[in-house]
Amino acid sequence: MSDVKLEDIVSLCKRRGFMYQGSEIYGGLAGTWDYGPLGVQLKRNIVDAWWKFFIESRDDVYGIDAAILMNQKVWQASGHVDGFNDPLVEDLKTKKRYRADNLLEDLGIEGVAAMSTTQMDQVIEEQGIKSPDGNQLSKIRQFNMMFKTNVGVTEDENSTSYLRPETAQGMFVNFKNVVDSFSPDMPFALAQVGKAFRNEISPRDFIFRVRELEQMEIELFIHPDNWKEEFEKWLQLQQDFYLSLGLPADKLHKIEVPAEDRAHYSKHSIDTEFDFTIGQKELGGCAYRTDHDLSSHANASGKNLKYIPKDGSEAFIPHVIEPTFGLDRLVLAVIDSSYSVDEQNGEQRIYLKLPEHLAPVRMAVSPLLKNKPELVEKAQEVFKAMKQKYGSVIWDDNGNIGKRYRRQDEIGTPKCVTIDFQTLEDNTVTIRDRDTTQQTRLSIDEL
Ligand code: GAP
């Protein structure tokens, strides 16, 4: 693991306009972060890469965009009203609340992930574990993480709804719609990108664990006989996608989730963990959700959600393989693994070694001196041409050239183009490479 700390990453992200604390001028709102101009572009580039990889380049995946607010019956049938819980303990004196498993993990207790609530209670009692303020803790109780709200003007049980805690359910409730519209062959998948909300007991580690998050999820509908091979195939695709974002293979780890720690809907889950600066943590997952969701929705809604095979064989409720990606965690993993430090002319240099297709700015164009109109005019001409060609190109004439390079390095701009006096003579420019800092001369036509 590198010497880089999470604080270094947070500081760069704030300084350079990737992310800001949510509602910062009012002291913030725990578990929320706002994406600034560069952060939103980086996030968008990751979404575009994902959409291209899993939807545009295939003919068996259908993209959708379902509403965040859904009928409360969706969440009753899916099991989230009863089962989407985290273990909560309370400091009996200060009334501050903590997630019990996090509290034990922070104390270095091993095997917490596999412990039941009773086992965690036992550890707290036997080891005399106190709250971080040194007070006695309550027994653990289950805390439902869904944000409740009311739809419409009346606030009663019938108007209750929830901000969705996963995007997946939007795809299950649209399964029949897509089958009716497109008659897809099995296996096929629905996919969507969107916000999800979880009232996390202890949001932490910057955008790693937040209360308002974004997911990119795929629900693959299969015949149950094929679940193992489809699971392996999509787990591999998930890995291929991570690698396509430039995440180093040796930092990605596939971990089988033990039965007692799996989500209520899963029969088999493999998480991919990533070596973040904060340690090896979950990046995304792949779950075999069986027919849990479609069968539950068929029972609760009274609708027939069976798939009728085109070969005339018996209709059946499809089973589901779900590769899920946490978008905020992917953004963090990409920044984390790109964050680099070296030394240039005796000075420390920080740069983000982002893959070119993800960099929020692909190229910066500058005149060597901003008080020379002939240089500025030529540089503007190059800037406009490059912007038309590459889109995310910026104009940078702020400070001296050294300062500009430092700034562009920190935001991960792969190339800086400078227009100098020689440009006016022979139409060549210098192009500087972010990673090597090498400068080469190139004709403008070759850019
Ligand atoms: N539909 C399946 C599902 O939601 P999950 O493991 O609960 O599964 C999927 O969440 C992914 O969403 C996680 O692997 C993680 O990347 C991301 N995620 C979950 N909770 C999060 C949180 N509080 N903050 C940021 N990302 C989160």
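This briefing walks through the main features of the structure above, topic by topic.

The model is predicted: local features need pLDDT of at least 70, side-chain atom pairs count only at pLDDT 80 or more, and totals for chains, interfaces and linings use all residues. Residues are numbered from 1 along each chain as its sequence is written, and side-chain values use heavy atoms, with hydrogens and water left out. The chain holds 14 helices and 22 strands; helices (H or I, at least four residues) and strands (E, at least two) are DSSP runs, numbered from the N terminus.

**The chain as a whole**

- The C-alpha trace spans about 75 × 65 × 50 Å along its principal axes.
- Of the 447 residues in the chain, 51% count as buried; buried means under 20% relative accessible area, exposed over 50%, and partly exposed in between (1.4 Å probe, protein chains only).
- Taking contacts between residues at least 6 apart in sequence, 64% join residues at least 24 apart; a contact means heavy atoms within 4.5 Å.

**The sheet of 7 strands**

- An open sheet is built from 7 strands in the order β3-β10-β11-β15-β14-β13-β12, and its pairing is mixed. Two strands pair if DSSP finds at least two bridges between them.
- Strands β3 (61–63) and β12 (252–256) stand at the edges with a single partner strand each, so one side of each is left without a neighbour in the sheet.
- From one strand to the next, the twist averages 25°. For such angles, axes are lines fitted to C-alpha atoms (for helices over the stretch in contact), and angles run from 0 to 180 degrees between N-to-C directions.
- Within this sheet, β13 (residues 268–276) and β14 (residues 279–290) run antiparallel and are joined by 9 bridges. D275 has Q280 in β14 as its bridge partner.
- Helix α2 (residues 37–56) packs on the sheet and touches β3, β10 (188–197), β11 (212–222) and β15 (319–326); the direction of α2 makes about 0° with that of β11.
- Helix α8 (residues 175–182) also packs on the sheet, touching β3, β10 and β11, and its direction makes about 140° with that of β10.

**A closer look at F221**

- F221 is found in strand β11. Is F221 buried or exposed? With a relative accessibility of 0%, F221 counts as buried.
- Leaving aside residues up to four places away in sequence, F221 touches M171, F172, F175, M186, P187, F188, L190, L294, P318, H319 and V320.
- F221 and A189 are 32 residues apart along the chain, and their C-alpha atoms are separated by 5.8 Å.

**The sheet of 3 strands**

- Another open sheet has 3 strands in the order β6-β5-β7, with antiparallel pairing.
- β6 (97–99) and β7 (141–144) are its edge strands, each pairing on one side only.
- Direction ignored, neighbouring strands of this sheet are turned by 50° against each other on average.
- β5 (residues 85–90) pairs with β6 in the antiparallel sense over 3 bridges, and V89 has Y98 in β6 as its bridge partner.

**Other strand pairs and hairpins**

- Strand β9 (residues 160–163) pairs antiparallel with β4 (residues 69–70) over 2 bridges, and with β8 (residues 147–150) over 4 bridges, again in the antiparallel sense.
- L163 in β9 stands opposite L69 and also opposite F147.
- β16 (residues 339–344) and β17 (residues 347–352) pair in the antiparallel sense over 6 bridges, with D342 partnered by R349 in β17.
- The hairpin of β16 and β17 has 2 residues between the strands, and N345 takes a positive phi near 50° there.
- β21 (residues 428–433) and β22 (residues 439–443) run antiparallel, joined by 5 bridges; T430 has R441 in β22 as its bridge partner.
- The hairpin formed by β21 and β22 has 5 residues between the strands, and T437 in the turn has a positive phi of about 65°.

- L424 lies in helix α14 (residues 421–426) and is partly exposed, with a relative accessible area of 40%.
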